[in-house]
Amino acid sequence: NPRATAADITANSGTICEGDDFTLSATAPGITNPVFHFYTDSDLSNEIMDLTVSPATTTTYYVSVTGDNVCENAAGDGAELV
């Protein structure tokens, strides 16, 4: 099966003010039954299990997706959420 790419994902990003929470989310309109995985690094090796975040500094998160007949994004090919 082919791997998903960053272009397959629409990452919902936003500005988080100090002391606020933000829930990480994304969509993948072209993938059937998408399952998203969120990470703190572009290598997609440090997965985030609690999707409600409240970072103290400017932080970039990354998301990958799997779905029917689609494998997860390769390391370095996740979509960015800033």
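My entries below follow that order.

**Entry 1: what I'm looking at.** I'm working from a predicted model, so local features count here only at pLDDT of at least 70.

**Entry 2: the sheet.** I looked up the strand order first. Four strands make an open sheet, running β5-β4-β7-β8, with antiparallel pairing. Which strands stand at the edges? They are β5 (47-48) and β8 (79-81), and each has a single partner strand, so one side of each has no neighbour in the sheet. As a reminder to myself, strands of a sheet pair through backbone hydrogen bonds, parallel or antiparallel.

I then zoomed in on the β7/β8 pair. β7 covers residues 61-66 and is joined to β8 by three bridges, the two strands running antiparallel. In that pairing I find Y62 opposite E80 of β8.

What does F38 contact once its neighbours within four places in sequence are left aside? My list reads L24, S25, A26, N46, E47, I48, L51, Y62, V63 and L81.

Entry 3: I checked the largest pocket, and its volume comes out at about 250 Å³. It is lined by 17 residues, of which I16, P55, T57, T58 and T59 are the closest to its centre. How does the lining split by class? I get nine nonpolar, seven polar and one charged residues.

- N33 is not a glycine, yet its phi is positive, about 55°. I place N33 in the loop between β3 (25-27) and β4 (35-39). Buried or exposed? N33 has a relative accessible area of 52%, which means exposed, as the cut-off is over 50%.
- N69 also has a positive phi, near 60°, and is likewise a residue other than glycine. N69 sits in the loop between β7 and β8. With a relative accessible area of 58%, N69 is exposed.

Note on methods
Residues are numbered from 1 along each chain as its sequence is written. This is a predicted model: local features need pLDDT of at least 70, side-chain atom pairs count only at pLDDT 80 or more; totals for chains, interfaces and linings use all residues. Side-chain values use heavy atoms; hydrogens and water are left out. On a 1 Å grid over the protein atoms alone, a cavity is a set of points where a 1.4 Å probe fits but cannot get out, and a pocket is an open set with protein on both sides within 12 Å along at least five of seven lines; lining residues have an atom within 4 Å of a point. Grid points are joined across faces, edges and corners, and a volume is the space filled by probe spheres set on the points. Ala, Val, Leu, Ile, Met, Phe, Trp, Tyr, Cys and Pro count as nonpolar, Asp, Glu, Lys and Arg as charged, and the others, Gly among them, as polar. Two strands pair if DSSP finds at least two bridges between them. Contact means heavy atoms within 4.5 Å. Buried means under 20% relative accessible area, exposed over 50%, partly exposed in between (1.4 Å probe, protein chains only).
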